[in-house]
Amino acid sequence: MTIDSANSIPAFYAGQSIFLTGATGFLGKVFIEKILRSCPDVREIFLLMRPKKGLSINQRLEKILDLPLYEKLRDERASNFEKLIPISGDVGEKGLGLSTADRQILVERVTIIIHAAANVKFNNSLKCAIFSNTRATRDICIIAQSMKNLKALVYVSTAFTHVNNPFIEEKVYPPIADWRKMIDMAESLDEHTLNIFTAKCLDYAPNTYIFSKNLAENVIQDYSSSLPCAIVRPSFVMPSLKEPMPGWIDNIYGPIGLFIGGGKGLIRVACCNKSVNEDTVPVDIVIKAIIVVTWKLGLTTFTASPTPFVLNCTDQKYVTFEDGIKLLFSVTNEVPLEGIVWIPNTILTDNFILFYILTILLHILPAILADLILYFSGRRPMLVRLQRKLYVVNRAVSYFSFHEWKFSNTNELAVMSSIPPDNRDMFSFDYSDVDFREYYKNGIIGAKQFLLHEDLNRLDAAKAHSKRVHLFVTIVETVISIGVLWIMFKWIYSYTL
């Protein structure tokens with residue numbers, strides 16, 4: 001390894017051939033942008049992709065590269081798009097669904113593997129989760145063993161793989177189950193039979209996603225004796241902090257969907273322990289951590305190790321769920337979403353019975369009324385179905401608000417301190433001095449632009465609509481209050497007689 005590579009992260013990536021899984025996902029897209037812009041001399045990036053919705057992998061790539069995410073790269077280094085090579089495959093299939101020819105190309109040319117692909121649905125079937133998240137990791141390792149010039153294999157896990165530990169160190173813990181046996185079960189048993197065993201298999205894992213990622217970490221550990229491996233564990237990944245633009249987001253999942261639902265006034269109550277700290281991390285911070293860990297691993301002469309290098313990429317500045325919600329709604333008063341249906345204001349409760357009652361009163365009954373109006377006006381009812389989806393997401397995410405974990409950051413600090421001084425502006429993933437209000441505001445603007453496709457030029461109209469909704473809600477609440485007081489007065493008056 002040359003001195004330049006040790007003192008320059010872009011120099012290390014010069015001439016490297018990267019194999020990226022999860023290229024069409026939130027993390028994958030941002031990784032592509034950052035590498036091509038900040039490490040411009042990378043040789044090539046092989047992207048594992050599958051045809052979808054009638055589009056070939058080349059058509060999907062063209063559509064992805066048209067996103068606003070790549071405008072800065074297009075202006076600065078448009079020719080680097082030619083370094084992207086889509087490879088047909090699917091992490092849900094055995095052997096990643098690779099053809100013999102494509103597999104051979106990867107074996108001969110790849111020097112770095114970034115395994116970021118995952119099926120992140122919490123309520124997936126056990127079979128699907130095992131195939132996409134556990135077996136795929138094993139198959140990545142099998143291919144990696146054939147690569148003679150491999151410098152680094154970095155697996156993107158999750159900070160919540162070991163939820164039974166209140167303090168999570170930067171190490172691999174004993175797995176919930178034997179990953180080999182679980183893959184055999186998933187391959188040999190039918191979906192129905194496997195679902196019967198799901199609850200017993202999961203043990204302390206709250207869902208199949210966490211369970212399958214827990215097993216995948218053990219896959220990496222078992223192969224680390226023959227491969228240069230590292231694990232990066234991000235917590236909930238949120239909109240970008242700075243790069244390539246503040247507030248980039250293109251994925252409505254988990255907390256993002258709930259935040260938007262709250263901002264629209266659709267979510268009036270949430271099952272949540274408001275005093276627990278939420279653990280989130282901006283997507284560009286995660287990408288920088290992955291890039292730097294890969295550089296660090298690639299500089300190290302490989303020696304057989306019983307455990308891979310692990311880095312917890314978690315929140316560096318805590319805020320409680322209650323404070324986060326308050327800050328969110330404070331920002332939406334300034335930058336409201338279009339078409340809000342009620343004043344954004346979510347009641348947080350950790351009492352499930354109260355949550356269930358309020359869900360019926362504040363979510364389901366108004367949704368039924370709205371759907372009836374839509375039906376009789378000749379439009380398609382949708383609110384009850386939407387509220388059902390939001391309820392399922394709320395229940396799934398609520399687990400993470402009823403538990404709080406502390407994360408060791410020894411390796412994170414060590415890796416950050418090793419970044420060459422000339423590269424710190426470009427690759428440092430320290431964001432401990434972030435202004436949360438500004439970050440939330442950029443996140444709301446990003447959601448408006450990139451998720452909801454709202455025109456910021458219509459912001460005045462959105463504010464005017466928001467004022468009308470506030471007035472309407474005030475009138476409704478006043479009428480209801482007067483009505484309740486009148487009923488109470490009549491009851492008391494009749495009782496005294």
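Q: What does buried mean here, and how is K29 classed?
A: Buried means under 20% relative accessible area. The model is predicted. In this model K29 has a relative accessible area of 12%, so K29 is buried.

Q: Is N207 buried or exposed, and where does N207 lie?
A: The cut-off of under 20% applies again. N207 has 7% relative accessibility and therefore counts as buried. N207 sits in the loop between α9 (191-202) and α10 (208-223). The C-alpha atom of N207 is 9.5 Å from that of S125, although the two are 82 residues apart along the chain.

Q: Why does Y356 count as partly exposed?
A: Exposed means over 50%, and partly exposed is in between that and the buried range. Y356 counts as partly exposed because its relative accessibility is 45%. Y356 belongs to helix α14 (residues 352-376). Y356 is also one of the residues of a nonpolar patch on the surface, which includes F352, I360, L372 and F376. Together the residues of this patch have about 1100 Å² of accessible area.

Q: Which residue meets K288 in a salt bridge?
A: The partner of K288 is E243, at 3.0 Å from N to O. K288 is in helix α12 and E243 in the loop between β8 and α11, so far as the chain goes a link between distant parts, 45 residues apart. Both K288 and E243 are buried.

Q: Which parts of the chain does the pair of E454 and K264 tie together?
A: The closest N and O atoms of this salt bridge are 3.6 Å apart. E454 lies in the loop between α18 and α19 (459-496), and K264 in the loop between α11 and β9, so the pair ties together parts that are 190 residues apart in sequence. E454 and K264 are buried. Elsewhere, salt bridges that share partners join E33, K34, R37, E243 and K288 into one network.

Q: Which element gives the most to the lining of the second largest cavity?
A: That element is α18, with six residues. The second largest cavity holds about 250 Å³ of space. Its lining has 17 residues, and M238, P239, F259, L328 and G443 lie nearest the centre. The lining divides into 13 nonpolar, three polar and one charged.

Q: What is the volume of the second largest pocket, and which residues are closest to its centre?
A: The volume is about 360 Å³. L241, K242, D430, Y431 and D433 are closest to the centre, out of 17 lining residues. The lining of this pocket divides into five nonpolar, two polar and 10 charged residues.

Key:
Residues numbered from 1 in each chain as written. Predicted model: local features only at pLDDT ≥ 70, side-chain atom pairs only at ≥ 80, totals over all residues. Heavy atoms only, no water. 1 Å grid on protein atoms, 1.4 Å probe; cavity = no way out; pocket = protein on both sides within 12 Å on 5 of 7 lines; lining within 4 Å. Points joined across faces, edges and corners; volume = space filled by probe spheres on them. Nonpolar A, V, L, I, M, F, W, Y, C, P; charged D, E, K, R; others polar. Patch = residues over 30% accessible without salt bridge, like charges linked within 9 Å, V, L, I, M, F, W, Y side chains within 5 Å. Areas by Shrake-Rupley, 256 points an atom, 1.4 Å probe, with all protein chains shown as cover. Salt bridge = Lys/Arg side-chain N within 4 Å of Asp/Glu carboxyl O. Helix = DSSP H or I, 4+ residues; strand = E, 2+ residues; numbered from the N terminus. Buried < 20%, exposed > 50% of the residue type's maximum accessible area, 1.4 Å probe, protein only.
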